Amino acid sequence: MTERITYHKILGEIKHNPVPFNWNDQTLYGNAGESLTAALLANGIRTLRYHEKDGKPRGLYCNIGHCSECRCLINGVRNQRACMTPVRHGMSIEQQTELPHRIKGGR
Ligand code: FES
């Protein structure tokens with residue numbers, strides 16, 4: 001495992017407790033309680049999604065929950081920020097390929 005943080009300003013103390021999680025049907029390991037983006041980076045995952053309009057790769061940007069560049073489908077729920085979501089045993093994360101939402105009655 002690569003070098004890990006031991007404290008996160010928002011999530012608090014990060015204990016080293018490796019657990020499996022699924023990324024696009026691939027089993028990876030992260031420390032329970034650390035952010036998903038930290039676990040994905042530690043596993044060499046840099047692209048979290050592709051831009052819905054131009055198809056360019058997008059990844060971690062602010063890492064504090066402001067930009068939404070890290071939004072993923074987490075446990076079947078769309079538009080979840082991976083940087084604000086702690087790793088839990090067996091959770092499922094997938095790249096999101098659609099726009100975040102449609103305004104009812106809009107185009
Ligand atoms: S990286 Fe900006 S909200 Fe997650």
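Helices (H or I, at least four residues) and strands (E, at least two) are DSSP runs, counted off from the N terminus. With that in hand, you can find one helix and nine strands in the protein chain. Walk along the sequence and the pattern reads β-β-β-β-α-β-β-β-β-β.

A quick word on where this comes from: it's a predicted model, where local features need pLDDT of at least 70, side-chain atom pairs count only at pLDDT 80 or more, and totals for chains, interfaces and linings use all residues. Residues are numbered from 1 along each chain as its sequence is written, and side-chain values use heavy atoms, leaving out hydrogens and water.

Now look inside. Of the 107 residues in the protein chain, 33% are buried (under 20% relative accessible area, with a 1.4 Å probe and protein chains only). The largest nonpolar core has 17 residues; a core like this is a set of buried Ala, Val, Leu, Ile, Met, Phe, Trp, Tyr and Cys residues joined through side-chain atoms within 4.5 Å. Phe21, Trp23, Leu36, Leu40, Leu48, Cys72 and Ile93 have the most contacts inside it. β3 (18-23), α1 (36-42) and β7 (71-74) each give two or more residues to this core.

The protein chain exposes about 7,000 Å², and carbon and sulfur atoms supply 48% of that (accessible areas come from the Shrake-Rupley method with a 1.4 Å probe).

Key
Buried means under 20% relative accessible area, exposed over 50%, partly exposed in between (1.4 Å probe, protein chains only).
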